[in-house]
Amino acid sequence: MFPEYDVIVVGAGHAGSEAAVAAANMGSKVLLATMNMQTIGQMSCNPAMGGVAKGQIVRELDALGAYSGIVTDHTMIQFRMLNKSKGPAMWSPRAQSDRTQFAAKWRKLLEENKNVDFWQEMITGLLVKDGRCIGVRTGMGIEITSKAVVLTNGTFLNGLIHIGEKQFGGGRAGERAATGITEQLEGLGFETGRMKTGTPPRIDGRSLDWSKMEIQDGDEHPGRFSFTDTPEIKDQIPCHISYTNKKVHDILKTGFDRSPMFNGRIRGLGPRYCPSIEDKIDRFSERDRHQLFVEPEGRDTCEIYLNGFSSSLPEDVQYKALIQIPGFENAKMFRPGYAIEYDFFQPTQLQASLETHLIDNLFFAGQINGTTGYEEAAAQGYIAGLNAHLKINEQEPLVLRRSDAYIGVLIDDLVNKGTKEPYRMFTSRAEYRILLRQDNADQRLTPIASRLGIENIDLRVARLNDKMKHIEKLRRFFEQYGVTPAQINTYLEEKGSAPLKQQVKLISILSRPGVSIDGLKNHIPELAQALDKLDREIVDTAEIDIKYEGYIVKEKEMAEKMNRLEDLRIYKDMDFSTLTALSAEAREKLSELRPRTIGQASRISGVSPADISVLLVHIGR
């Protein structure tokens with residue numbers, strides 16, 4: 001009935017969809033198995049992509065040839081560049097998406113890929129022979145063979161939904177949980193745990209009084225996520241902001257005795273940085289209000305997502321509190337919020353390629369690894385899909401370094417440090433933020449994708465080369481153009497910058513604090529002409545490279561110094577337990593995590609500089 005596939009991907013959420021795309025566009029024959037074909041690429045929680053650090057991940061994925069950025073650009077209803085008041089290392093794109101169109105676009109792209117087949121059924125087990133994963137077993141007992149398997153089960157593994165004192169099995173509202181895989185993997189020696197996440201109630205937008213809320217419009221000149229020629233957004237839809245108050249908090253507290261969070265029924269840890277509303281008012285009892293983002297679910301629906309009001313309290317308590325929020329006095333609820341518990345596997349059981357240590361050719365990606373967020377899941381899925389293809393074709397895996405990408409930081413953190421709570425990416429987790437900007441993701445990663453030979457990457461390479469030519473041409477203009485005091489002193493005085501006494505090169509003026517290309521072009525017609533018809537991102541990147549050149553050079557030097565350790569390979573069969581000069585903790589951690597390089601070993605908690613010196617001696621350095 002089935003051929004032998006190169007790669008089987010289990011689960012068709014953000015991780016699974018990107019895993020299928022990655023392997024298929026490398027030339028593998030892929031089977032994408034899902035319990036419901038109607039929920040491929042579903043936005044299970046908030047209808048948005050990107051945000052702080054997450055937006056950088058989506059741009060990095062796009063630079064590598066993934067589809068998340070393309071899907072977002074085609075289906076977004078609002079775009080905002082966050083943190084523009086801060087330095088460019090912090091700029092983060094975020095899009096409000098049309099939930100239905102987002103999933104439809106994902107399915108369309110997958111169905112157009114000739115290397116992707118589909119199967120709708122629960123996968124209840126893996127086929128494992130001689131320590132190698134060779135396929136999957138379905139709920140009907142069908143065995144489908146493959147050379148590699150990528151598990152991207154999301155919140156479905158033994159998923160349990162909580163609403164007040166009610167609880168029922170499910171991986172998402174209205175969908176059943178997945179069973180069988182956890183139990184089998186535990187039997188094979190894998191360490192498992194439970195985590196928790198939640199979602200807010202969905203509201204009928206027709207019942208809200210928008211005049212009582214603050215409006216939050218998109219950017220006047222919206223950007224895009226993809227480096228390809230995706231459509232510009234037209235007719236942006238605003239979001240709104242409202243706030244809880246003391247009355248809302250008091251009503252919510254009346255349900256605490258029936259809350260699964262407070263009475264011990266939920267054992268899994270929830271996300272620290274996206275807590276439920278009951279958790280917020282309990283932990284931050286001194287605060288009188290909390291901000292709520294009122295987000296439309298799409299262009300053709302009245303459904304509203306109340307970001308910031310995630311809850312697992314009884315539905316009657318949720319509703320009574322809800323109607324005390326300004327603008328929500330007559331609100332109608334489509335469905336209450338709920339919490340969901342699910343199984344995950346400690347990611348320290350993975351190699352840096354996302355292949356498991358215990359079973360060859362078995363890869364994990366997404367929430368199964370203890371992460372939270374569409375973007376983190378998509379990143380792991382894409383890397384796992386690429387590496388599944390590379391592994392079965394006996395090629396070296398793609399392992400992005402911490403200086404290469406936020407994706408590299410994410411995976412390095414997971415496999416070396418593990419996680420005790422749902423992992424979320426932040427800019428603060430990256431040591432080389434000025435190198436890992438959202439505007440230069442193509443410069444960092446498209447050449448890597450080109451070397452791998454990903455399908456259709458040539459177009460991205462051509463666009464990158466064209467972009468770099470324009471950036472270099474603009475830089476030469478700044479280096480060669482001499483600006484006089486008469487031209488520029490009025491502008492400099494406006495900016496509180498010292499006036500010129502003689503002609504200088506324009507590049508020295510742009511390097512000053514407060515001075516911008518946009519400000520300079522109003523006083524220098526030749527600059528305005530040079531900028532004519534240039535894409536905004538080209539101008540921004542050129543300006544950042546000039547203004548922050550000293551910081552960029554310093555950070556590159558730091559990265560190169562650390563990366564020398566990344567190039568020092570540890571013997572694959574090294575028996576750490578026999579190295580008596582190592583500390584006992586180092587022997588234990590190194591034996592468990594099996595780092596591939598000295599750099600990776602140096603970031604493992606419990607491995608000291610002295611232990612690294614011992615390793616260097618044993619690899620002959």
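With which side chain does the side chain of E566 make a polar contact? Select E566 and R603 in this predicted model: the side chains of the two residues make a polar contact at 2.5 Å.

Stay on E566. This residue lies in helix α18, which covers residues 549-566. Leaving aside residues up to four places away in sequence, E566 touches R401, T597, G599, Q600 and R603. Is E566 buried or exposed? Its relative accessible area is 14%, and under 20% counts as buried, so E566 is buried.

Next, select the open sheet of six strands. The order to follow is β14-β15-β16-β17-β13-β18, and the pairing is antiparallel. The edges are β14 (214-216) and β18 (333-335); each has a single partner strand, so one side of each has no neighbour in the sheet. On average, neighbouring strands of this sheet are turned by 35° against each other, direction ignored. Strands of a sheet pair through backbone hydrogen bonds.

Strand β15 (residues 239-243) pairs with β14 in the antiparallel sense over three bridges. Show E214 and look across to β15: I241 stands opposite.

Last, go to the loop between β19 (338-345) and β20 (362-364), where L354 is found. Most residues other than glycine have a negative phi. L354 is not a glycine, yet its phi is positive, near 75°. L354 is buried, with a relative accessible area of 0%. Then select N361, found in the loop between β19 and β20. N361 has a positive phi of about 65° and is not a glycine. N361 is buried at a relative accessible area of 4%.

How values were computed: Residues numbered from 1 in each chain as written. Predicted model: local features only at pLDDT ≥ 70, side-chain atom pairs only at ≥ 80, totals over all residues. Heavy atoms only, no water. Pairing = 2+ DSSP bridges. Helix = DSSP H or I, 4+ residues; strand = E, 2+ residues; numbered from the N terminus. Axes fitted to C-alpha atoms, helices over the stretch in contact; angles between N-to-C directions. Buried < 20%, exposed > 50% of the residue type's maximum accessible area, 1.4 Å probe, protein only. Polar contact = N/O pair within 3.5 Å; in protein donor to acceptor, adjacent residues only side chain to side chain. Contact = heavy atoms within 4.5 Å.
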